[in-house]
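Trainee: Could you go through this protein chain with me, one question at a time?
Mentor: Gladly, and we will begin by looking at the sequence and the structure together.

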Amino acid sequence: MKVDGRDYRTIWLADDGWAVEIIDQTKLPHAFESCRLESVEAAAAAIRDMLVRGAPLIGATAAYGMALAMRADAGDGNISRAHELLLATRPTAVNLRWALGEMSDLLTPLPADGRVAAAYARAAGICDEDAAMCRAIGEHGADLIEDARDTGRVPDGGRAGSTDRPVNILTHCNAGWLATVDWGTALAPIYVAHERGIDVHVWVDETRPRNQGASLTAWELASHGVAHTLIVDNAGGHLMQHGMVDLCITGSDRTTAEGDVCNKIGTYLKALAAHDCGVPFHVALPCSTIDWSIADGLAEIPIEQRDQSEVLEVTGRDAAGAQRSVRIAPSASPAANYAFDVTPARLVSGLITERGRCAASRQGLLELYPERR
Ligand code: MRU
């Protein structure tokens, strides 16, 4: 995607051909800065400290982390050491495990002197594949937005099928190009719809506690010229009750073989409100986000718990441009910080993948991925 007229991906090889550059997402929306990764330890820290985040981008960064590890030491022991180090960074997004599996399976049988080139080539391949999958998700999901424009719900004072009002889409967290290598998952259909000239407007959940909606999704949409409005996390239900949301689209960090979806904390509550209000609730994801080994998301997906300081404090820039964190709770109060929740398949209207759309069910997924039967 373009930033100030220049094409960017979220991760790329430096001009020297070996170091890896990423956009430091902890600096957005106030500063657009890249950060150079020169070791597997730096790649692991970038994932753990969320300089990069979002399921597909975590996987891509881990793949390049393995390449950096091989450059330092291509011995057998370092494959498993690097794999374990990277796998321990974040527990929920399955793309991490998937990308590391791809890398280790490729590297282990190779002679040591062939591992560096192979690792860099596969990491680049994972990035290219992710960008292509997200673009395809965009095309399939844009058809859905086109349908919503033509058959949309009646907002207060509006008219079904009216083309004189935008399609209102609610999204949660950041599942845009910053969460992937390019294009995004939930936002890709919105970008493609925008390209097709469809009038879209996005309700952006701020997404406490880390505010990925306020800081990243809003920044992406503003940079791309897509109409949007930032809302507090608790506003979505009200908007849906008043016909102000035509559809919800979110991303996923892990989707089970039965179609349960694990995504940023608060996604489940949006799905509940959507269900109650009859608003379609769709989830966009590439195949690297499907965990075919599990069925029951509630029982089987590990939910990351992060530091309580993220809940007890808010961070932003003051008028003088200095970054500040301020405490918003009594000093005696502890906090719990669950980073993800599971939306059961029964609340999901459909999945949008690189192969097309399907029901959120084993049968639906197998129709798109028959090789998994
Ligand atoms: O904690 P984060 O910012 O890594 O969480 C990201 C999300 O929950 C996204 O919605 C998810 O990764 C899908 S994005 C392609």
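Trainee: What should I know about the model and its numbering before we start?
Mentor: This is a predicted model, in which local features need pLDDT of at least 70 and side-chain atom pairs count only at pLDDT 80 or more, while totals for chains, interfaces and linings use all residues. Side-chain values use heavy atoms, with hydrogens and water left out, and residues are numbered from 1 along each chain as its sequence is written.

Trainee: Which domains does the assignment give, and what distance separates their centres?

Mentor: The domain bounds come from an automatic or database domain assignment, and for this protein chain they give domain 1 (2-127) and domain 2 (140-372). Taken over C-alpha atoms, the centres of domain 1 and domain 2 are separated by 25 Å.

Trainee: How many residues does the contact take from domain 1 and from domain 2?

Mentor: Contact here means heavy atoms within 4.5 Å. By that rule, domain 1 and domain 2 each have their own count, and these are 31 residues from domain 1 and 31 residues from domain 2.

Trainee: What area do domain 1 and domain 2 bury between them?
Mentor: The size of an interface is often given as the accessible area lost when the parts come together. Buried area is that loss, found with a 1.4 Å probe and summed over both parts. Of the area between domain 1 and domain 2, 57% is on carbon and sulfur atoms, and the total is about 2,600 Å².

Trainee: Which residue forms a salt bridge with Arg97?
Mentor: A salt bridge is a side-chain nitrogen of Lys or Arg within 4 Å of a carboxyl oxygen of Asp or Glu, and across the interface of domain 1 and domain 2 the rule finds two of them. For Arg97, the closest N and O atoms of the pair are 3.1 Å apart, and the partner is Asp291.

Trainee: Where is Pro29 found, and is its bond with Leu28 cis or trans?
Mentor: Helices (H or I, at least four residues) and strands (E, at least two) are DSSP runs, numbered from the N terminus, and Pro29 is found in the loop between strand E4 (20-23) and strand E5 (34-37). Most peptide bonds are trans. The bond that joins Leu28 and Pro29 has an omega of about 10°, and it is cis.

Trainee: What is the phi of Cys173, and is the residue buried or exposed?
Mentor: Most residues other than glycine have a negative phi. Cys173, in the loop between strand E6 (167-171) and helix H6 (188-195), is not a glycine and yet has a positive phi of about 60°. Buried means under 20% relative accessible area, exposed over 50%, and partly exposed in between, with a 1.4 Å probe and protein chains only. Cys173 has 6% relative accessibility, so Cys173 counts as buried.

Trainee: Which backbone oxygen does the side chain of Asn263 reach?
Mentor: Asn263 is found in strand E11 (residues 261-264), and Asn263 is buried because its relative accessible area is 5%. Leaving aside neighbours within four places in sequence, the residues in contact with Asn263 include Thr250, Ser252 and Phe340. At 3.5 Å, the side chain of Asn263 reaches the backbone oxygen of Gly251.

Trainee: How far apart are the closest N and O atoms of Arg135 and Glu139?
Mentor: Arg135 and Glu139 both lie in helix H5, four residues apart, about one turn of the helix. Arg135 counts as partly exposed at 24% relative accessibility, and Glu139 counts as partly exposed at 28%. In the salt bridge of Arg135 with Glu139, the closest N and O atoms are separated by 2.5 Å.

Notes
Buried area = accessible area lost by both parts, 1.4 Å probe. Polar contact = N/O pair within 3.5 Å; in protein donor to acceptor, adjacent residues only side chain to side chain.
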